[in-house]
Amino acid sequence: MAARCSMHMLWNTQIIDTCVVFSQWHIHSNLQFFFSFLAIVALGMLYEYLRVFSRDFDKRIAVKLRIQSGRRTPLTASGRSSPERHGDNAEETGLLNGSRRKPQGFAVPPLYRTTRAVLYGASVGLSFFLMLVFMTYNAYLIFAVILGAAAGHYILGDTIEPNGSADKGMACH
């Protein structure tokens, strides 16, 4: 009888006959499991890379647009040149009185918007894929996701901005 995928909905440490997301990713040996583990670690690191690259890409766009517009004021943590507003109900203003505030910042050219959308879509898609790997409930694969995220964060998180906003980290969306 041919080996079949074994899917547990409870915490498990099964190696042989584990399927990772697709039936085509069927693990038949310890060596295949080892390479699958490494692939999942790499995907976790890729997610972190996409997150950092997207953040840095947004910063580069903001600086370039600020220079093109001739503004001399420095950008705040959110990328806006106006001061951050806290405690003045800025978020609710448009909802309560029916008026819309004029958006602050710069209009992003279509090429940059497309690139940002592709990066965002890739990041969301990869995060959902990693969530599905996590949902195998396989302790080793869960550890691979966490190890990849932690290693990627360690490698790519070598600097911190004191006035920067907190990143949301690894999340499905």
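A: Phe37 is buried, with a relative accessible area of 16%; buried means under 20%, exposed over 50% and partly exposed in between, using a 1.4 Å probe and protein chains only. The model is predicted, so local features need pLDDT of at least 70 and side-chain atom pairs count only at pLDDT 80 or more, while totals for chains, interfaces and linings use all residues. Residues are numbered from 1 along each chain as its sequence is written, and side-chain values use heavy atoms, with hydrogens and water left out.

Phe37 belongs to helix H1, which covers residues 30–69. Helices (H or I, at least four residues) and strands (E, at least two) are DSSP runs numbered from the N terminus. Apart from neighbours within four places in sequence, Phe37 is in contact with Tyr140, Phe143, Ala144 and Leu147; contact means heavy atoms within 4.5 Å. Phe37 and Tyr140 are 103 residues apart in sequence, yet their C-alpha atoms are 7.5 Å apart in space. For the protein chain as a whole, 63% of the contacts between residues at least 6 apart in sequence join residues at least 24 apart.

Helix H4 spans residues 139–156, and helix H3 spans residues 110–134. The axes of H3 and H4 come within 8 Å and cross at roughly 150°; axes are lines fitted to C-alpha atoms over the stretch in contact, with angles from 0 to 180 degrees between N-to-C directions. H3 is therefore roughly antiparallel to H4, a label for angles over 145 degrees. H3 brings Leu130, Val133 and Phe134 to this contact, and H4 brings Leu141, Ile142, Val145 and Ile146. By class, the contact of H3 with H4 has seven nonpolar, no polar and no charged residues. Here Ala, Val, Leu, Ile, Met, Phe, Trp, Tyr, Cys and Pro count as nonpolar, Asp, Glu, Lys and Arg as charged, and the others, Gly among them, as polar.

Tyr137 is in the loop between H3 and H4. Its phi is near 60°, a positive value in a residue other than glycine. Tyr137 is partly exposed, at 30% relative accessibility.

Ser123 sits in H3 and is buried, with a relative accessible area of 12%. Setting aside neighbours within four places in sequence, Ser123 is in contact with Tyr47 and Leu50.

Val21 lies in another loop, between strand S1 (18–19) and strand S2 (26–27). Val21 also has a positive phi, near 65°, in a residue other than glycine, and it is partly exposed at 31%.

The largest cavity has a volume of about 40 Å³. A cavity is a set of points on a 1 Å grid, over the protein atoms alone, where a 1.4 Å probe fits but cannot get out; lining residues have an atom within 4 Å of a point. Points are joined across faces, edges and corners, and the volume is the space filled by probe spheres set on them. Ser6, Met7, His8, Asn12, Gln14, Thr18, Cys19, Thr136 and Asn138 form the lining, which divides into two nonpolar, seven polar and no charged residues.

Overall, the protein chain has four helices and two strands, in the order β-β-α-α-α-α. Of its 173 residues, 27% are buried.

Terms used:
Parallel < 35°, antiparallel > 145°, perpendicular 65-115°, else oblique. 1 Å grid on protein atoms, 1.4 Å probe; cavity = no way out; pocket = protein on both sides within 12 Å on 5 of 7 lines; lining within 4 Å.
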